[in-house]
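Work through the following exercises with the sequence and the model side by side, and try each task before reading its solution.

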Amino acid sequence: MIKTLGLRLLASLVLLIAVPTVTFWLQAVTPGNVAQQILGIGASKEAVAQLNHQLGLDRPVWQRYLDWLGGFFHGDLGHSYVTGDSVANTLGGRVGVSLSLIIGALVVFSIVGVLLGILSTSGNRVWGRVIDVVSTAGIAIPNFWLGVLLIGVFAVQLNLLPATGYVPPEQDAGAWIASLVLPVVALAFAGITGVAKQTRDQMLVSLASPYARSLRANGASEASLIFRHALRNASGPIITVLGLIFVGALSGSVVVENIFVLPGLGSQAVLSTTQRDLPVIQGIAVYFTIIVVVVNVVIDVVNTILNPKARTA
Amino acid sequence: MSSVSQRFRVLRQYLRRPLAVVAAAFLLVIIVAVALAKVIAPYSPLEQDYSAVLSGPTGAHPLGTDQLGRDVLSRLLVGGQVTLVGIAEAVVVAVVIGIVVGLVAGYLGGPLDTVLSRLTELVMAIPGIVVLLMTYALTANNPHAGMLVLGLLSVPTIFRVTRGAAAAVRGETFISASRVVGIGRIAIMARHVLPNVWGPIIVNTAVLAAVTLGIQGGLNYLALGVNPPAPSWGGMVAEAQTALQQQPWLMVPSGLVIALTIAAFLLIADGLRDATDTSSAQSAPVAAPRATNVVDEAVTTPPEGALLAASGLSVAFGGTTVVREVAFAVQPGETVGIVGESGSGKTVTASAILDSLDGSAAVTGSVWFEGVELLRAPKAVRRATRGSGIAYISQDPMVALDPSFTVQSQLGELVRRHHGLRGAAQRARVLRLLGQVGLPEPGAIARRHPHQLSGGMAQRVSIAMALAGDPKVLIADEPTTALDVTIQGEILDLLRRLRDETGMGIVIITHDLGVIADLADRVVVMYAGEVVEQGAVGTLFAEPGHPYTRALLAANPIASERGKPLVSIPGSVPRPGSWPTGCHFAARCPFATDACTRAPIPLAPVPDASGDHASRCIRIDAVLADSTDRRVA
């Protein structure tokens, strides 16, 4: 068990280095002059050359990569082209905002998805139809439209919740939650589908299995079959899907933060993109990868605990 | 089947689904309208009409205008070009690369396959948005670059489908045959593998188009991959957001066209999935078990003194009868064997008695337990019978226990359910049950999970589970088939001992006459959904009254005479739905005459026989005479 977990951790480390490396080389091999783009087309050759020198872009690529990698291992992610601030400083205050949003969405799509999945499993055909409709709507209604619709209804028309903005929890916990409700719903909506489907499919497989048949014939109650046996056996596959959906939600958070003007990593990512501020985007790639790695490790640990074969092997 | 006629078949299948046809028609209208945008758009997308700002739908502007007085319909039509071209770019990149790499990985296998599969896992683990943002930053917001990169990020979807299908096809005989004939690998892939995997690929391509539209819309909303004031569908949602207070209507056209187009792609994918699925006619997901339909009819009285009895028990699935008019009875302490080949209906009969058939089954007739008719009994009565009246052990012990729980946990659950015991009392009862089924160290076994048990131990635990409610009847479906020969005898000994100790009745279902000879008092022989013969084991083995029973005995290594060759039965069991009118066995029977096939044959007492020996054979006299002749000879 410890050996498999160790291997997974090693794979995670590879991912942690691989993603920034890929993005680094992507940027290195792409034609285009960063300094020229920052200064605009009208800038003089001298100014461009000077900025290139200032940003260290006139040195060989491999040297820049080694420098960057060395810094990366010391926690130094470089400096913003635009503000000159360190990337860690630029992003540090924004991580909490993004985590609030993403973890909130994870909680919502996990709970709602599993509940819908259970409801559609427990015999009622109406719920089966509901899942089918929700699953199409989950993909068809994109988060940016849903987000704006939510603002239109709950902020503009009903005036129940703030349309945009973010309040830190240490300032006002109630306002913090209120500022997160709509963004979390907009981000979670697409994930509900996948969780509900996986829950239903896995529970039906379990309920049709020989052990469910034996338990039922020997007196186990329907409630125990669904909530104890089927749900327990479905939990591993459900958690694996939660991990995949979470990675998708991370991408979705970039859009959702911009809809609701939340000062998280995603808003910074889009701002830096329009400003061609590559070190900051690169830094965000690192932060996102760390989040993915942590979630993967958590999922592996939970799955190992849930799976008696892995635990006792 | 030629691939042309196959494609026509797929088209016909697709056209049968109204929703999928509507979706395809809608998409076609969108594509044509967007392609002709320059011609049919009433205004230029950038033309500003300050006299009609935020107008809402009017005669002049059917979908209204935005805050600069620009015509929404015209902007949607022109903006659709960016959208549809972008989807095409991303999807083509993903599909072409995904197919090529997937075919190579799936068909060739080996280390290359491993490397490519790991690489796709890596791509799937990174949040794609970061790579997309990097691309836009590096290419000065170039729309094509973004969509090509999105295509690259989507390669894993198509890769996995193609790889899986190619790997599955690789093992099939026609591929090996082509290889033997000397057709090159690329030729094999192009000619044989690709036609077999295109179904799943096009389905996933449609899904991919839907997902791509959603992502692209989000990017355009962020003004990435499009440069305002140039219109785009996603960008129009962003513009609508700024006018949310003044004109909420603006939200509708832009968002709805995106949602409907995505939905159209998904519905097309569903239609294609159903139409191209050749593997099984019904690809519906496993249905949740629900109440079986019991067809009402005259209820006869229960057989006197019987613990468990079936009479006139028939089961049909979708109008096709699979079990017809089965009747038998079990007395306390008695073991009844139901014997037959696979397809004889013996397991369906047991499932009907246990009420574990799914909702598509129609059950007629009666099942009596201690004088109570179960098929029409209230749910609560049936529920109370499970485990404490009738218990069950299944065929394969390795899958009959819930893999996620310890023996203590699942056995304890049944003990609590039947006896209300908790804590130490429950644990003591569990240990006693495990001891009762002959497990040497009950305490250690109770702590184990099913995967830590051997087959024989697992079957003993299964029997303990069945005993937890002190049942009066035990139904055992092929309880020894999945076990080692050495263990089989031990399990049969255990069942015999438990029967003698507890006085419960046993119904044992088997294809093995040796098991019947070992354990059963009476035997019911089933063939093609019917009882063909029944009687006491001794009588039936000595003087089989049905040609099928005779053939079974002759084919059985245990029951057959030493020194004589085993006789196999020519032909095969007729399938439900194609049963003959007369005797079901006639086609394989050496005694058959014309009369056998004319009308249904009744189950009738065997002439001059002791007890309740009965046979479904009108040639019974010839059969018995032949047996006597052989014995004399």
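**Exercise 1. Determine in which sense strands E10 and E11 of chain B pair, and over how many bridges.**

Solution. Start with the two strands of chain B, E10 (residues 522-527) and E11 (residues 530-536), which pair in the antiparallel sense over six bridges, where strands are DSSP runs of type E with at least two residues, numbered from the N terminus, and two strands pair if DSSP finds at least two bridges between them. Next, look for one bridge in the predicted model: Val524(B) has Gln534(B) in E11(B) as its bridge partner. Finally, follow the chain through the hairpin, where two residues lie between the strands and Ala528(B) takes a positive phi near 50°.

The model is predicted, so local features need pLDDT of at least 70 and side-chain atom pairs count only at pLDDT 80 or more, while totals for chains, interfaces and linings use all residues. Residues are numbered from 1 along each chain as its sequence is written, chains are lettered from A and ligands numbered from 1 in the order in which they are written, and side-chain values use heavy atoms, with hydrogens and water left out.

**Exercise 2. Find which residue of E13(B) stands opposite Glu533(B), and decide whether E11(B) is mostly covered or uncovered.**

Solution. First, note that E11(B) also pairs with strand E13 (residues 614-615) of chain B, in the antiparallel sense and over two bridges. Within this pairing, Glu533(B) stands opposite Ser615(B). Then consider cover: six of the seven residues of E11(B) are buried, and the strand is thus mostly covered, buried meaning under 20% relative accessible area with a 1.4 Å probe and protein chains only.

**Exercise 3. Describe the secondary structure and burial of chain A.**

Solution. Begin with the elements: chain A has 13 helices and zero strands, helices being DSSP runs of type H or I with at least four residues. Along its principal axes, the C-alpha trace of chain A spans about 85 × 55 × 35 Å. Of the 313 residues in chain A, 51% are buried.

**Exercise 4. Identify which element supplies the largest share of the lining of the second largest pocket.**

Solution. The largest share, ten residues, comes from H10(A), a helix that covers residues 222-259. Helix H5 (110-125) of chain B is also among the elements that each supply at least two lining residues. In total 44 residues line this pocket, and those nearest its centre include Arg8(A), Asp300(A) and Glu121(B).

Definitions and conventions. 1 Å grid on protein atoms, 1.4 Å probe; cavity = no way out; pocket = protein on both sides within 12 Å on 5 of 7 lines; lining within 4 Å. Buried < 20%, exposed > 50% of the residue type's maximum accessible area, 1.4 Å probe, protein only.
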